[in-house]
Amino acid sequence: MRILFLGDLVGRVGRTAVIEQLPDLVEEQQLDFVIVNGENSASGFGITEAILQDVLDAGADVVTTGNHVWDQRDTLVYIERQDRLLRPVNYPAGTPGRGAHLFTARNGAQVMVANVMGRVYMDALDDPFAAIDKMVGDCPLGDVADAIIIDVHAEATSEKQAMGHFLDGRVSLVVGTHTHVPTADHQILENGTAYMSDAGMCGAYDSVLGMDKEEPVNRFQRKIPGSRFTPATGAATICGVAIETDDRTGLAQAIAPVRIGGRLEPVLPPFWSAS
C-alpha cells in the first residue's frame, strides 16, 4: 500500500499549495491513503470546518491536529460530526471528537490512524504511551488493520523517538509533527516500523516556523509581545513523508521524504517513480 503523510499546514499559502497539488499527486503516484496534519491551517491557529472540507475534497483521507486543535472554538462542535478530523487520543475522557479511527483506503484496505500528543514541553495530557498501547491492542496490525499510522504531535525529539521504538513492529509508521522543520532521520526501525522525527510543515520557509519573521524576532530580542503572529506569505514548500507497506504484514517496505516547491531542496521518493 502506498501512503503519504503531510506535515502541519500553516496558513493560507500552506493549505492552498496542498489543496491545489494533492489531487494530481494522488492520481499520478497512485496513492492509496493520505493523512494531513491541519492544525495550523486557519491563519496559523486551528482549522475551520470549511478548510477541513477543502483539504478532504483535495484528496486527504483524514486530517490530524495537535495542541492548536481548539483554537477555532467552533471545532468543539463540528468535530463531533466530522469523523475524518482527529484530535489527540490522550485528551481526557469526555473530550469532544475522537483520537483514532479505522478508515477504508482507496484500494479497500483498512487503515487505522491515531493522533497523540506528547507531554514534554507540552500541555500535560494523559499518558500518550498508555493511550497508544491500548489503541494498538484493540486494533492489531495484520489482523484488524492493514496499516496503522501514528501522528505524534510533540516538541521533544526524544519523546518521538521513544514512541517509535515503543511501537516498532506493531504499526506501519510513526511520524512526528509540531516542530515544523523536516528532519533527516527517516528510516525503517529494527522490527519494520517506518519512522521520522518530524515531517516538517507545508508552508512558507522564509519565516520562523511558518510565521512572518518580524514578530518572532522581536519577541526573542525584547521578550515583549508586539503584535499577533501572522503566517508568512511567501512561496510554500509541501513537506511530508511517503511509505510503502507490505500487503501481508502491514509493516514498512520503504520510506522517503517528500518536499515539493518553495525554498527547500525538492525531493520525491524513488519508489514513486518506479510505479
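**Close-up views of a predicted model**

**View 1. Asn115 is a buried residue, with a relative accessible area of 0%.** Residues are numbered from 1 along each chain as its sequence is written, and side-chain values use heavy atoms, with hydrogens and water left out. Asn115 belongs to strand β6 (residues 110–117); strands are DSSP runs of E, at least two residues, and helices are runs of H or I, at least four, numbered from the N terminus.

**View 2. The side chain of Asn115 reaches the backbone nitrogen of Thr65 at 2.8 Å.** A polar atom of this side chain also lies 3.4 Å from the backbone oxygen of Asp151.

**View 3. UniProt, in an unreviewed entry, places the feature "binding site" at Asp8, Glu39, Asn40 and His180.** These residues span 173 residues in sequence, yet no two of their C-alpha atoms are more than 11.6 Å apart, so they gather at one spot. The annotation may be inferred rather than shown by experiment.

**View 4. Asp8 is located in strand β2 (residues 8–9).** Asp8 is buried, at a relative accessible area of 0%.

**View 5. Asn40 occupies the loop between β3 (33–37) and α2 (49–58).** Asn40 counts as buried at 3% relative accessibility, and its side chain reaches the backbone oxygen of Gly44 at 3.0 Å.

Methods: This is a predicted model: local features need pLDDT of at least 70, side-chain atom pairs count only at pLDDT 80 or more; totals for chains, interfaces and linings use all residues. Buried means under 20% relative accessible area, exposed over 50%, partly exposed in between (1.4 Å probe, protein chains only). A polar contact is a pair of N or O atoms within 3.5 Å; within protein, one must be able to donate a hydrogen and the other to accept it, and residues adjacent in sequence count only if both atoms are side-chain atoms.
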